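Here are some friendly notes to read alongside the structure. Take them one point at a time, and keep the 3D view open as you go.

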Amino acid sequence: MKEYWVLTGSFGSGKSELVLNLALEKAKKGPCTVVDLDVINPYFRVSERGDVLSPAGVELIMPPFALEKIEIMSLSARVYSAFAPGEGTVIFDIGGDDVGSIALGQYKPRFAQIPPDKVKVLFVVNPLRPTAADLESALDTLYKIQYVSRMDITGIVNNANLAGETELSHLLQGYELVKALSRETGIPVWGTCGTPEVLRSFEEYAKAHDLDPAYIGKYQPIEIMMHRSWDKFLKEGL
Amino acid sequence: MAKKLMKGCEAIAEAAIQAGCRFFFGYPITPQNDIPEYMSRRMPQVGGCFLQAESELAAINMVYGAGGAGARAMTSSSSPGISLKQEGISTCAAAEVPCVIVNMMRGGPGLGNIQASQGDYFQATKGGGHGDYHCVVYAPSSIQETCDLMPKAFDTADKYRTPVIILADGLIGQMMEPVELKMNDNPTMPDKPWACQGWDPKGDRPRAVINSLYIETEVLDDLMTRLNARYDEIRKNEVMVETYKAEGAEFMLCAYGTVARVCKAAVRILAEKGVKCGLVRPITLWPFPSKEVHDVIAQDSVQGALTVEISNGQMVEDIRLAVNGEKPVEFMGKGGSIIPTAEEIAERVMKIMRRA
């Protein structure tokens, strides 16, 4: 039976980056499909990284016109094929904030037919983003996403980052936020993301300072494939 | 404040709020939608006013109203929307209403596309609206610089009672970069005795009138003389320009906005090939840094210059006027939002210098 991952979160929290990394990981073990459900932002979307996904054998379902540099808020009927019986992993990349999650709501009847242990709905948090910087705004976004998508979030992800300038202190900031968020909502922390180097220093710090593993979850290394720093943009374009 | 990971549009909006902007009127158009989006969330938190107008024309006229009442007011749009605002901008200039207008340039003419472009240089610097007026035009090349220029834009607008345009492109609007915002919870606002804030018949201030209609020729001429004197002051005081490795350069690149960042990479590539290339980057497009541009390009060591734009050649005209034929100035650029790469620019420079 297929396993479903749904990634939600604030706009710019790094969902697509995690989607790409998870997809490449899952594709090594079996069939994997990425569904781009972002209908609010025509720029910097996961569909642009077909060059990374296709060679790895990942099927990409994207909105019609997603790569046409225009804004047509429509979703492909092919999305329903992701709910067809089968094996492997399906990863949904949802647009940012509650407005982005509206697109998810229409698939609620399909998700309702899947056993709950086969669906992970993650809420990705980056406290370095101005719109999700503190507990109040993160809670606000989380509840709104649940409300409009009619899905229950099952895990919180610490994805604290300042793009190429990410340091240990940022992940610690993220740790405090996901801890507070988890305590407030009762939703467990699924994992902590970072580039291998930053993640390693966080792991060492966590062990040395007895950070609660319950609020760290899985250590998820991230290879940056989505975000274009200026230097990367100069080399590879958008 | 510690650094945050911000999209250009969000950073501009927050920087405007930090500069004391409490009135934002806008209308949706890509790629600047994140500015009104952000303002709609933030303005209520700081006791300000966000209003989505029924059109671009309505938005700029609301800015005229708020600015005329002495508030720091702003609107934003992208190229086609900025065209619609031109009547209002001309009116603000004539009525001496300070305000800030952000243009996240996209491809044009017409509806064009939604990618980054620099096709609105003429519109921003040579009028845009009708009549004999100027707007101060700032052209930032990074998100951080955009943030730093916002308080300056509002100060300049107030100081000279003039509309100020932030001329950025879609890339600045949509990119995310770590930025540091100078938080200022209580920005000082200049006194504006001319503003329409209610007249006290027993007070000593004359009745304030905001108006752009001057029927009598002499009266209109008085306004124009006053405006022109002010434009001279702006030309004298407000020019901003960056030069990069310009001293003793053999060749000069000229660019503004994001293209200048690409050019900096080209300068480094050329240095590796043994070519001493420099860059001159106007930060104010009006007033144009003619003297500074002239001085770096006309220096003896320089063989020629190349202006690079995401357009079919607009700023190059001002560069050529500044250089006044003393050195050859060539142009490189395309419409259709095609951004040249650093390698292409370096290759073109090598070709011009007959080294390739």
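1. **What you are looking at.** Please keep in mind that this is a predicted model. Every value in this note was computed from it.

2. **Chain B as a whole.** Chain B has 12 helices and 14 strands. Its radius of gyration is 21 Å, close to the 21 Å that the globule rule gives for 356 residues, so chain B is as compact as a globular protein of that length. Along the principal axes, the C-alpha trace of chain B spans about 75 × 50 × 40 Å.

3. **Inside chain B.** How much of chain B counts as buried? The share is 53% of its 356 residues. Now consider the contacts in chain B with a separation of 6 or more: 78% of them are between residues 24 or more positions apart.

4. Find helix H1 (residues 8–18) and helix H2 (residues 34–45) in chain B; they pack at an angle of about 45°, and their axes are 8 Å apart.

5. On the H1(B) side, the residues are Cys9(B), Glu10(B), Ile12(B), Ala13(B), Glu14(B) and Ile17(B). They meet Asp34(B), Ile35(B), Tyr38(B), Met39(B) and Arg42(B) in H2(B). Sorted by class, this contact has 7 nonpolar residues, 4 charged ones and no polar ones.

6. Is H11(B) largely enclosed or largely open? Of its 9 residues, 7 are buried, so H11(B) is largely enclosed by the rest of the structure. The buried residues are Met315(B), Val316(B), Asp318(B), Ile319(B), Arg320(B), Ala322(B) and Val323(B). Their cover includes three strands or helices you can look for in chain B, among them helix H5 (121–125), strand E10 (251–254) and helix H10 (290–297). Strand E13 (304–309) and E14 of chain B are also included in that cover.

7. Asn324(B) follows H11(B) and is found in the loop between H11 and E14 of chain B. Its phi is positive, about 55°, although Asn324(B) is not a glycine. With 11 other C-beta atoms within 10 Å, Asn324(B) is exposed, because 12 or fewer is the cut-off for that word. Gly325(B) is in this loop too, between helix H11 (315–323) and strand E14 (329–333). Gly325(B) is exposed as well, with 9 other C-beta atoms within 10 Å.

8. **Two cis peptide bonds.** Which residues of chain B does a cis peptide bond with omega of about 5° join? They are Thr30(B) and Pro31(B); Pro31(B) is in the loop between strand E2 (23–26) and H2 of chain B. Another cis peptide bond joins Trp286(B) and Pro287(B), with omega about -5°. Pro287(B) lies in the loop between strand E12 (284–286) and H10 of chain B.

9. **Where the chains touch.** In the interface, 19 residues of chain B are in contact with 16 residues of chain A. On the chain B side, strand E1 (4–7), H1, strand E8 (176–179) and helix H9 (258–272) each supply at least two residues. The largest share, 4 residues, comes from E1(B). By class, this side of chain B has 8 nonpolar, 4 polar and 7 charged residues.

10. **Two places in chain A.** Gly105(A) is in helix H3 (residues 97–105) of chain A and is partly exposed, with 13 other C-beta atoms within 10 Å. Leaving aside residues up to four places away in sequence, Gly105(A) touches Val148(A), Ser149(A) and Arg150(A). Ala163(A) sits in the loop between strand E6 (155–158) and helix H6 (168–185) of chain A. Its phi is near 50°, a positive value in a residue other than glycine. Ala163(A) is partly exposed, with 18 other C-beta atoms within 10 Å.

Definitions and conventions:
Residues are numbered from 1 along each chain as its sequence is written. Chains are lettered from A and ligands numbered from 1 in the order in which they are written. This is a predicted model: local features need pLDDT of at least 70, side-chain atom pairs count only at pLDDT 80 or more; totals for chains, interfaces and linings use all residues. Axes are lines fitted to C-alpha atoms, for helices over the stretch in contact, and angles run from 0 to 180 degrees between N-to-C directions. Two residues are in contact if their C-beta atoms, placed from the backbone, lie within 7 Å. Ala, Val, Leu, Ile, Met, Phe, Trp, Tyr, Cys and Pro count as nonpolar, Asp, Glu, Lys and Arg as charged, and the others, Gly among them, as polar. The radius of gyration is taken over C-alpha atoms; the globule rule is 2.2 Å times the number of residues to the power 0.38. A residue is buried if 20 or more other C-beta atoms lie within 10 Å of its own, exposed if 12 or fewer, and partly exposed in between; C-beta atoms are placed from the backbone.
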